[in-house]
Amino acid sequence: MDPPSLVQLAAGAIRKMILSGELGPGDRLIELALTERLGISRPPLREAMRLLQQEGLILVQPRRGATVAALTDQDVYEILTLRSALERTAIELGVPVRLPERLAVCRDALGRMERSAAEEDRAALVESGYAFHAALVGLAGHRRIEEIYSSLHRQLLLCMARNLYARERYYEDLDVHVARHRHLLELVEAGDPEAVLAELAVHGERSFSQLADRAPRETG
């Protein structure tokens, strides 16, 4: 495998700043500051920012420059309610789990979450958290549900980054955050879809949006 390019490394570093909460919704991306911090020139930085713009993580506007993408309350409501509906349907179709390899994907994602929490790598924790929930959706073996869920990937990362920041600040540390997901997987492994759905109801959009809504007032 070829080593990552300078552009990919720069995009990865800025992505990490966004998903870790170091850069919040609406924050400006100052080219001079970023070139000095990342040790690169402006051309690869601008190419990296174009990649992040394509991912939906930043916005580039005339005269204002680049800013971290912000989600409105309606955006968050729509993303999280759609996410919950897809996950509930996947659990109803996929639990009890019939193919062990699908559970293995969930366990692998949870293992990455545990390592990220131990290393206090919040950006990696957000990305592995998305992978865990995508693996739950994969339990159903339903290609179209998986494709719809995948289409929400970057928007969900922004929501999950806000949620992790708010939960850690007001409610739970990183270990407790991972423990909630471990408990959810244990219920899936036990094969009781009603118990999984009950846990998802308190794990999902209601607590998620209530906590996430507190973060912008503190960080904005």
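**Labels and their rules**

Tutor: Arg 63 is exposed, with a relative accessible area of 86%. This is a predicted model: local features need pLDDT of at least 70, side-chain atom pairs count only at pLDDT 80 or more, and totals for chains, interfaces and linings use all residues. Residues are numbered from 1 along each chain as its sequence is written, and side-chain values use heavy atoms, with hydrogens and water left out.

Student: Why is Arg 63 called exposed?

Tutor: Buried means under 20% relative accessible area, exposed over 50%, and partly exposed in between, with a 1.4 Å probe and protein chains only. Arg 63 has 86%, so the label is exposed. Arg 63 sits in the loop between strand S1 (58–61) and strand S2 (65–68); helices (H or I, at least four residues) and strands (E, at least two) are DSSP runs, numbered from the N terminus. Arg 63 also has a positive phi of about 70°, although it is not a glycine.

Student: Which label does Glu 120 get at 54% relative accessibility?

Tutor: Glu 120 counts as exposed, because 54% is over the 50% limit. Glu 120 lies in the loop between H5 and H6. Glu 120 has a positive phi of about 55° and is not a glycine.

Student: What makes Arg 180 buried?

Tutor: Arg 180 has 15% relative accessibility, so it too is under the 20% limit and counts as buried. Arg 180 lies in helix H9. With neighbours within four places in sequence left aside, Arg 180 is in contact with Arg 167, Glu 172, Glu 199 and His 203.

Student: What span does helix H6 (residues 122–138) reach?

Tutor: H6 has 17 residues and reaches 24 Å from its first C-alpha to its last, close to the expected 24 Å. H6 is mostly covered, as 13 of its 17 residues are buried.

Student: How many aromatic pairs are there?

Tutor: Rings of Phe, Tyr and Trp (its six-membered ring) pair if their centres lie within 6.5 Å; planes under 30 degrees apart count as stacked, over 60 as edge-to-face and the rest as tilted. The count comes to one aromatic pair. Tyr 130 and Tyr 149 are 5.8 Å centre to centre with 25° between the planes, so the pair is stacked. The pair links distant parts of the chain, with Tyr 130 in helix H6 and Tyr 149 in helix H7 (residues 143–151), 19 residues apart. Tyr 130 is buried at 9% relative accessible area, and Tyr 149 is buried at 2%.

Student: How many disulfides are there?

Tutor: A disulfide is a pair of cysteine sulfur atoms within 2.5 Å, and by this rule the count is zero. Cys 106 is buried, with a relative accessible area of 0%, and Cys 159 is buried at 1%.

Student: At what angle do the axes of helix H4 (residues 73–94) and helix H8 (residues 153–170) cross?

Tutor: The axes come within 10 Å and cross at roughly 100°. Angles under 35 degrees count as roughly parallel, over 145 as roughly antiparallel, 65 to 115 as roughly perpendicular and the rest as oblique. H4 is therefore roughly perpendicular to H8. Axes are lines fitted to C-alpha atoms, for helices over the stretch in contact, and angles run from 0 to 180 degrees between N-to-C directions.

Conventions. The expected span of a helix is 1.5 Å times one less than its number of residues. Contact means heavy atoms within 4.5 Å.
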